[in-house]
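Subject: Handing over the structure, with notes

Dear colleague,

Please find the structure below, and keep it open beside this message while you read. My notes follow it.

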Amino acid sequence: MNDGPLIASGSTHPALASAIAAHLGTDTARIRFNRFSNENLKVCVESNVRDRDVYVVQTSCPPVNESLMETLLLIDALRGASAGRVTAVLPYFPYVRSDKQDEPGVSITARLVADLLVTAGAQRLIAMDLHSPQIHGFFRVPVDHVTAVPVLGRALGAGGAVQRVVVATDIGEAKDAGRFAASLGVDLAVIDKRRTGDDEHAVPRALVGDVRGRHALIVDDEIATGGTIVEAAELVMRLGAASVEAAAVHGVLCGKALERIRSSPLQRVLVTDSIPLTDAKRDPRIEVVSIAGLLADTIGRTHRGESVADLASHR
Ligand code: R5P
């Protein structure tokens, strides 16, 4: 393959793609996107990508379905333009929460998306903090599944005089939150949360662990409607925590998330730039931490054929 890695940005997150390219000191391919009046999309690769190692940087954000279609077209166009290898770099994976058949007659859409990416021509995937580990197994091509939790940990800082405790929002999050707590050298508490159907309402039932008099750090993979972290914050405060903040990898922030955060006891909410934060979603309490360096390191190592296992990889 010729030269260094080449970044091909979809239209969802050009700022992240440029930041990754800047970290790598590499080029960004010229891509033209057209949307026709009949709602068809056209993607045209204008750079010479022949034999290049290309990394398609695209995330899942509104309009989600159109963004997914654009990803497929871009990958297909790169393969058609004779790229040497195409890797999909999807910091927030489309339909990530549809990862199981939780009722009869529904599509396991994350598995379908995996099939579509491979059919379009993706030869590898770089993903970040997938909602569940089984999504990795939906792929028939190599997957590097990295985590941004250490990046969030560094951004949270050393902490003040009050003892800290990491709080996992549910049992599923306990493994990652446990690693996070270990890296900070603090205790872990876990919330027993139950969600009924897909009504978007998560109910924290109880807490295993002790938050009394401590500063609680709620950790989650994503904040969608905000119900989970806000109810978790209210629970830990009811149970005697001194203060509370939250860190989540993916700031989806849909529905009433912003209103909920504003009227919650949360002092600060950290998210990464895996999804662009639109002006409408900005709030002084919400801080964005960049994952461009982590993704650039992952891409650089992949290009050179080096291991990413020690680079915040999920294992
Ligand atoms: C759930 O299993 C996840 O870890 C998150 O807690 C959930 O996706 C957050 O969703 P929401 O913000 O809508 O409560």
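This is a predicted model: local features need pLDDT of at least 70, side-chain atom pairs count only at pLDDT 80 or more; totals for chains, interfaces and linings use all residues.

Residues are numbered from 1 along each chain as its sequence is written, and side-chain values use heavy atoms, with hydrogens and water left out.

**The ligand site**

The ligand is surrounded by 15 residues, of which the closest are Asp220, Asp221, Ala224, Thr225 and Thr228; a residue is counted here if one of its heavy atoms lies within 4 Å of the ligand. Sorted by type, this shell holds two nonpolar, five polar and eight charged residues, where Ala, Val, Leu, Ile, Met, Phe, Trp, Tyr, Cys and Pro count as nonpolar, Asp, Glu, Lys and Arg as charged, and the others, Gly among them, as polar. Strand 9 (187–195), strand 11 (215–223) and helix 6 (227–238) each supply at least two residues of the shell, and strand 11 gives the most, with four residues. Helices (H or I, at least four residues) and strands (E, at least two) are DSSP runs, numbered from the N terminus.

A polar side-chain atom of Thr228 lies 2.5 Å from a ligand oxygen, a backbone N or O atom of Gly226 lies 2.8 Å from one, and an N or O atom in the side chain of Arg97 is 3.0 Å from one. Taken alone, the ligand exposes 380 Å², and the protein buries 93% of that; these accessible areas come from the Shrake-Rupley method with a 1.4 Å probe, and for residues only the protein chains shown count as cover.

Strand 8 (residues 164–168) is mostly covered, since five of its five residues are buried, and here buried means under 20% relative accessible area, exposed means over 50%, and partly exposed lies in between (1.4 Å probe, protein chains only). Arg164, Val166 and Ala168 point one way from strand 8, whereas Val165 and Val167 point the other way. Strand 8 runs parallel to strand 11, to which five bridges join it, and two strands are said to pair if DSSP finds at least two bridges between them. One of the links to strand 11 is that of Val166, whose bridge partner there is Leu217. Ala168, with a relative accessible area of 0%, is 20 residues from Leu188 in sequence, yet their C-alpha atoms are 7.4 Å apart in space.

Most residues other than glycine have a negative phi, and most peptide bonds are trans. Asp129, in the loop between strand 6 (124–128) and strand 7 (143–146), has a positive phi of about 40 degrees although it is not a glycine, and at 4% relative accessibility Asp129 counts as buried. Leu253, in the loop between strand 12 (243–251) and helix 7 (257–262), has a positive phi of about 45 degrees, and Leu253 is buried at 5% relative accessibility. The peptide bond from Pro62 to Pro63 is cis, with omega near -5 degrees, and Pro63 lies in the loop between strand 4 (52–57) and helix 2 (64–80).

Asp283 lies in the loop between strand 13 (269–272) and strand 14 (286–289) and is buried, with a relative accessible area of 12%. A polar contact of 2.5 Å joins the side chains of Asp283 and Arg262; such a contact is a pair of N or O atoms within 3.5 Å, where within protein one must be able to donate a hydrogen and the other to accept it, and residues adjacent in sequence count only if both atoms are side-chain atoms. A polar atom of the Asp283 side chain also lies 2.9 Å from the backbone nitrogen of Arg285.

**The cysteines**

How many disulfides does the structure hold? There are zero, a disulfide being a pair of cysteine sulfur atoms within 2.5 Å. The sulfur of Cys61 is 12 Å from the closest cysteine sulfur, in Cys254, which is too far for a bond. Cys61 is buried, with a relative accessible area of 8%, whereas Cys44 counts as partly exposed at 24%.

With best wishes
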